[in-house]
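Here's a quick tour of one predicted model, going residue by residue and then out to the helices. Have the structure open as you read.

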Amino acid sequence: MRLNLKDIINVPGASLPFSYQLDLSGMELNGERPIQEPVAVEGQVQNRGGALMLEGTASSVLHLTCDRCTKAFTREKVVPLTTLLATELADEASEDEIVLLEDDEVDLDALTTTAFVLAMESKNLCSEDCKGICPGCGADLNAEPCRCKPEVDPRLAVLAKLLEDKESE
(Lines give C-alpha, C1' and ligand atoms only; values in the text may rest on other atoms or scores of the structure.)
Protein backbone atom coordinates (compact mmCIF):
# COMPACT_ATOMS: atom_id res chain seq x y z
CA MET A 1 0.00 0.00 0.00
CA ARG A 2 1.31 3.40 -0.94
CA LEU A 3 0.24 6.22 1.38
CA ASN A 4 0.03 9.67 -0.23
CA LEU A 5 1.23 12.34 2.21
CA LYS A 6 1.00 15.48 0.03
CA ASP A 7 -1.92 16.85 2.11
CA ILE A 8 0.10 16.88 5.37
CA ILE A 9 3.69 17.55 4.20
CA ASN A 10 3.42 21.34 4.54
CA VAL A 11 0.80 21.45 7.34
CA PRO A 12 2.39 21.35 10.84
CA GLY A 13 0.22 19.40 13.30
CA ALA A 14 -1.65 17.51 10.57
CA SER A 15 -1.92 13.74 10.66
CA LEU A 16 -3.02 10.94 8.36
CA PRO A 17 -4.19 7.62 9.85
CA PHE A 18 -3.85 4.29 8.04
CA SER A 19 -5.14 0.78 8.60
CA TYR A 20 -4.92 -2.21 6.26
CA GLN A 21 -3.97 -5.90 6.00
CA LEU A 22 -0.72 -7.11 4.46
CA ASP A 23 -0.37 -10.63 3.02
CA LEU A 24 3.06 -12.15 3.74
CA SER A 25 1.92 -15.78 3.49
CA GLY A 26 4.23 -16.46 0.55
CA MET A 27 7.35 -15.42 2.46
CA GLU A 28 9.65 -18.30 3.37
CA LEU A 29 11.89 -18.01 6.45
CA ASN A 30 14.25 -20.83 7.43
CA GLY A 31 12.46 -23.27 5.14
CA GLU A 32 8.99 -22.55 6.59
CA ARG A 33 6.14 -20.11 6.03
CA PRO A 34 5.37 -18.82 9.54
CA ILE A 35 3.27 -15.79 8.53
CA GLN A 36 0.20 -17.64 7.26
CA GLU A 37 -2.35 -15.12 8.53
CA PRO A 38 -2.65 -11.49 7.33
CA VAL A 39 -0.56 -8.87 9.11
CA ALA A 40 -2.78 -6.11 10.52
CA VAL A 41 -1.06 -2.75 10.02
CA GLU A 42 -2.36 0.41 11.63
CA GLY A 43 -1.03 3.76 12.74
CA GLN A 44 -0.65 7.31 11.56
CA VAL A 45 1.78 9.77 10.02
CA GLN A 46 2.05 13.10 11.84
CA ASN A 47 3.65 16.33 10.74
CA ARG A 48 5.56 17.49 13.81
CA GLY A 49 6.85 20.92 12.94
CA GLY A 50 7.95 19.97 9.45
CA ALA A 51 9.16 16.47 10.36
CA LEU A 52 6.96 13.57 9.29
CA MET A 53 6.80 10.79 11.89
CA LEU A 54 5.21 7.44 11.10
CA GLU A 55 4.08 5.50 14.20
CA GLY A 56 2.03 2.34 14.33
CA THR A 57 2.00 -1.41 14.80
CA ALA A 58 2.05 -4.54 12.66
CA SER A 59 0.57 -7.68 14.22
CA SER A 60 -0.20 -11.24 13.22
CA VAL A 61 -0.32 -14.78 14.57
CA LEU A 62 2.77 -16.80 13.62
CA HIS A 63 2.65 -20.55 12.97
CA LEU A 64 6.00 -21.88 14.19
CA THR A 65 7.85 -25.12 14.93
CA CYS A 66 9.75 -25.41 18.21
CA ASP A 67 13.50 -25.63 17.63
CA ARG A 68 13.94 -27.97 20.62
CA CYS A 69 11.00 -30.43 20.54
CA THR A 70 9.77 -29.90 16.92
CA LYS A 71 6.12 -29.40 17.98
CA ALA A 72 3.99 -26.92 16.05
CA PHE A 73 2.70 -23.91 18.00
CA THR A 74 1.29 -20.43 17.40
CA ARG A 75 2.38 -17.11 18.86
CA GLU A 76 1.08 -13.59 18.44
CA LYS A 77 3.66 -11.15 17.11
CA VAL A 78 3.27 -7.38 17.49
CA VAL A 79 5.95 -5.15 15.97
CA PRO A 80 6.09 -1.40 16.64
CA LEU A 81 6.60 0.81 13.60
CA THR A 82 8.42 4.09 14.18
CA THR A 83 10.07 5.86 11.26
CA LEU A 84 11.04 9.37 10.31
CA LEU A 85 9.99 10.31 6.75
CA ALA A 86 11.44 13.04 4.54
CA THR A 87 11.16 14.35 0.99
CA GLU A 88 14.96 14.86 0.82
CA LEU A 89 18.01 14.19 2.97
CA ALA A 90 20.02 17.02 4.50
CA ASP A 91 23.13 14.81 4.63
CA GLU A 92 23.96 11.22 3.71
CA ALA A 93 24.84 10.29 7.31
CA SER A 94 21.15 10.11 8.26
CA GLU A 95 20.27 7.85 5.32
CA ASP A 96 19.78 4.75 7.51
CA GLU A 97 17.41 6.49 9.94
CA ILE A 98 15.12 8.30 7.50
CA VAL A 99 12.86 6.87 4.80
CA LEU A 100 12.65 9.01 1.68
CA LEU A 101 9.27 9.67 0.10
CA GLU A 102 8.78 8.97 -3.59
CA ASP A 103 6.39 11.48 -5.20
CA ASP A 104 5.13 12.44 -1.69
CA GLU A 105 4.23 8.78 -1.00
CA VAL A 106 5.58 6.15 1.39
CA ASP A 107 5.53 2.44 0.54
CA LEU A 108 3.96 0.99 3.70
CA ASP A 109 4.25 -2.60 2.41
CA ALA A 110 8.03 -2.43 2.09
CA LEU A 111 8.46 -0.57 5.38
CA THR A 112 6.22 -3.02 7.29
CA THR A 113 7.70 -6.14 5.69
CA THR A 114 11.23 -5.07 6.60
CA ALA A 115 10.31 -4.20 10.19
CA PHE A 116 8.28 -7.40 10.68
CA VAL A 117 10.95 -9.74 9.29
CA LEU A 118 13.77 -8.05 11.22
CA ALA A 119 11.78 -8.45 14.45
CA MET A 120 11.37 -12.23 13.99
CA GLU A 121 13.28 -14.38 16.46
CA SER A 122 16.09 -16.54 15.14
CA LYS A 123 15.21 -19.32 17.61
CA ASN A 124 11.59 -20.34 18.20
CA LEU A 125 10.69 -22.15 21.42
CA CYS A 126 7.21 -23.38 22.36
CA SER A 127 8.04 -22.35 25.94
CA GLU A 128 11.11 -21.01 27.73
CA ASP A 129 11.44 -24.23 29.73
CA CYS A 130 11.08 -26.61 26.76
CA LYS A 131 13.35 -29.61 27.41
CA GLY A 132 13.51 -30.75 23.81
CA ILE A 133 14.16 -34.24 22.45
CA CYS A 134 16.74 -36.71 23.79
CA PRO A 135 19.44 -37.11 21.13
CA GLY A 136 19.94 -40.75 22.13
CA CYS A 137 16.44 -42.30 22.31
CA GLY A 138 14.34 -39.56 20.70
CA ALA A 139 11.97 -39.17 23.66
CA ASP A 140 10.13 -35.86 24.00
CA LEU A 141 11.53 -34.82 27.38
CA ASN A 142 8.52 -32.55 28.00
CA ALA A 143 6.18 -35.57 28.00
CA GLU A 144 8.28 -38.53 29.12
CA PRO A 145 11.64 -39.34 30.71
CA CYS A 146 14.67 -40.38 28.71
CA ARG A 147 14.75 -44.09 27.85
CA CYS A 148 18.52 -44.26 27.33
CA LYS A 149 20.52 -46.62 29.52
CA PRO A 150 23.31 -44.82 31.33
CA GLU A 151 26.63 -45.35 29.63
CA VAL A 152 29.21 -47.13 31.74
CA ASP A 153 32.77 -45.91 31.68
CA PRO A 154 34.73 -48.70 29.93
CA ARG A 155 37.25 -48.65 32.77
CA LEU A 156 34.46 -49.54 35.21
CA ALA A 157 32.65 -52.07 32.99
CA VAL A 158 34.01 -55.04 34.97
CA LEU A 159 32.62 -53.59 38.21
CA ALA A 160 29.23 -52.93 36.59
CA LYS A 161 29.15 -56.55 35.39
CA LEU A 162 29.85 -57.74 38.95
CA LEU A 163 26.94 -55.62 40.24
CA GLU A 164 24.61 -57.01 37.57
CA ASP A 165 25.63 -60.60 38.46
CA LYS A 166 25.09 -59.95 42.15
CA GLU A 167 21.60 -58.44 41.53
CA SER A 168 20.54 -61.41 39.39
CA GLU A 169 21.34 -63.92 42.22
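Residues are numbered from 1 along each chain as its sequence is written, and side-chain values use heavy atoms, with hydrogens and water left out.

Lys77, in strand S5 (72–86), also has a side chain that reaches a backbone oxygen, in this case that of Ala119, at 2.7 Å. Beyond residues up to four places away in sequence, Lys77 touches Ala58, Ser59, Ser60, Leu62, Phe116, Ala119, Met120 and Glu121.

Met27 sits in the loop between strand S2 (15–22) and S3. Leaving out neighbours within four places, its contacts are Glu32, Arg33, Pro34, Thr113 and Val117. Met27 and Val117 are 90 residues apart along the chain, yet 9.6 Å separates their C-alpha atoms.

How covered are these residues? Here buried means under 20% relative accessible area, exposed over 50%, and partly exposed in between (1.4 Å probe, protein chains only).

| Residue | Relative accessible area | Class |
|---|---|---|
| Asn47 | 3% | buried |
| Lys77 | 11% | buried |
| Met27 | 22% | partly exposed |
| Leu156 | 46% | partly exposed |

Now the helices. In H1, the buried residues are Leu108, Leu111, Thr112, Thr113 and Phe116. Residues three or four places apart point the same way, because an α-helix has 3.6 residues a turn.

H2 is another story: one of its 12 residues is buried, so H2 lies largely in the open. From first C-alpha to last, H2 reaches 17 Å, close to the 16 Å expected at 1.5 Å a residue (that is, 1.5 Å times one less than the number of residues).

Leu156 is in the loop between helix H1 (108–118) and helix H2 (157–168).

Definitions and conventions
Predicted model: local features only at pLDDT ≥ 70, side-chain atom pairs only at ≥ 80, totals over all residues. Helix = DSSP H or I, 4+ residues; strand = E, 2+ residues; numbered from the N terminus. Contact = heavy atoms within 4.5 Å. Polar contact = N/O pair within 3.5 Å; in protein donor to acceptor, adjacent residues only side chain to side chain.
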